[in-house]
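Reader: I'd like to learn how to read a structure like this one. Could you walk me through it, feature by feature?

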Amino acid sequence: MTIIAILTFLGAMILAGGGVAFFVVAVMGMTGGDAREAVSAAIVGMGVAGGLLLLVLAGAVACLAMGVLELHEWARIVSIASIAACIGCTILSFFAFRGYVVIPVVPSIVCHLIVLTTAAWMLLYLLRPHVKQAFSVLAS
């Protein structure tokens, strides 16, 4: 469980880092030479909204990681659903980004495979009977 909780905390930190990056882009849009342009205002708005959304998601993921670490049954169920959605989105993104020349093919395939194998391992581990029992013992 500790490894899954650590990986989930790592995901929360990545989301928080992405949120901070969005805020940096928003600040750059506000302070640039063309800050009064409509496009810059739109970029600032998207940066602030995206940053806030990613920070909220990071908080939710951190709470989920704490729930897994404390062996709460709801955290196991939400983790299973989240990991299944992650696998689906990773497969979808693998095919969706094939046409972009900016993303090199080999690193893209390697990263997608790393994400898929890690997610599959986590999913299979959470579905094991003794893991399910460990979560349900605490709930009783």
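Author: Buried means under 20% relative accessible area, exposed means over 50%, and partly exposed is in between, using a 1.4 Å probe and protein chains only. Before we go on, this is a predicted model, where local features need pLDDT of at least 70 and side-chain atom pairs count only at pLDDT 80 or more, while totals for chains, interfaces and linings use all residues. Residues are numbered from 1 along each chain as its sequence is written, and side-chain values use heavy atoms, with hydrogens and water left out.

Reader: Which residue forms an aromatic pair with Tyr-125? And how do I read such a pair?

Author: A pair of aromatic rings is described by the distance of the centres and the angle of the planes. Rings of Phe, Tyr and Trp (its six-membered ring) pair if their centres lie within 6.5 Å; planes under 30 degrees apart count as stacked, over 60 as edge-to-face and the rest as tilted. The structure holds two aromatic pairs. In one, the rings of Phe-94 and Phe-95 have centres 5.2 Å apart and planes at 80°, so this pair is edge-to-face. Phe-94 is partly exposed at 22% relative accessible area, whereas Phe-95 is exposed at 58%. Tyr-125 pairs with Trp-121, and these two are stacked, 5.8 Å centre to centre with 20° between the planes.

Reader: How many residues apart are Trp-121 and Tyr-125 in helix H4?

Author: Trp-121 and Tyr-125 are four residues apart in helix H4, which means about one helical turn separates them. Helices (H or I, at least four residues) and strands (E, at least two) are DSSP runs, numbered from the N terminus. Trp-121 has 39% relative accessibility and counts as partly exposed.

Reader: Now the helices. At what angle do H1 and H4 pack?

Author: The general idea is this: two packed helices are described by the angle between their axes and the distance between the axes. Axes are lines fitted to C-alpha atoms, for helices over the stretch in contact, and angles run from 0 to 180 degrees between N-to-C directions. Helix H1 (residues 2-31) packs against helix H4 (residues 105-126) at about 135°, with the axes 11 Å apart. That makes H1 oblique to H4. As for the cut-offs, angles under 35 degrees count as roughly parallel, over 145 as roughly antiparallel, 65 to 115 as roughly perpendicular and the rest as oblique.

Reader: Which residues of H1 and H4 make the contact?

Author: H1 brings Ile-3, Ile-4, Leu-7 and Thr-8, and H4 brings Thr-118, Trp-121, Met-122, Tyr-125 and Leu-126. Contact means heavy atoms within 4.5 Å. By class, this contact of H1 with H4 has seven nonpolar residues, two polar and no charged. Here Ala, Val, Leu, Ile, Met, Phe, Trp, Tyr, Cys and Pro count as nonpolar, Asp, Glu, Lys and Arg as charged, and the others, Gly among them, as polar.

Reader: Can we zoom in on one residue there? What does Leu-7 touch?

Author: Not counting residues up to four places away in sequence, Leu-7 touches Thr-118, Trp-121 and Met-122. Leu-7 is partly exposed, at 29% relative accessible area. Elsewhere in helix H1 you'll find Phe-23, 16 residues from Leu-7 in sequence and 25 Å away, C-alpha to C-alpha.

Reader: Are H3 and H4 roughly parallel or roughly antiparallel?

Author: The axes of H3 and H4 come within 9 Å and cross at roughly 155°, and these two helices are therefore roughly antiparallel. Their contact has 14 nonpolar, four polar and one charged residues.

Reader: And how do H2 and H3 pack?

Author: H2 and H3 pack at about 125°, with axes 8 Å apart, and are therefore oblique to each other. The contact is made by Cys-63, Leu-64, Gly-67 and Val-68 of H2 and Trp-74, Ala-75, Val-78, Ser-79 and Ser-82 of H3.
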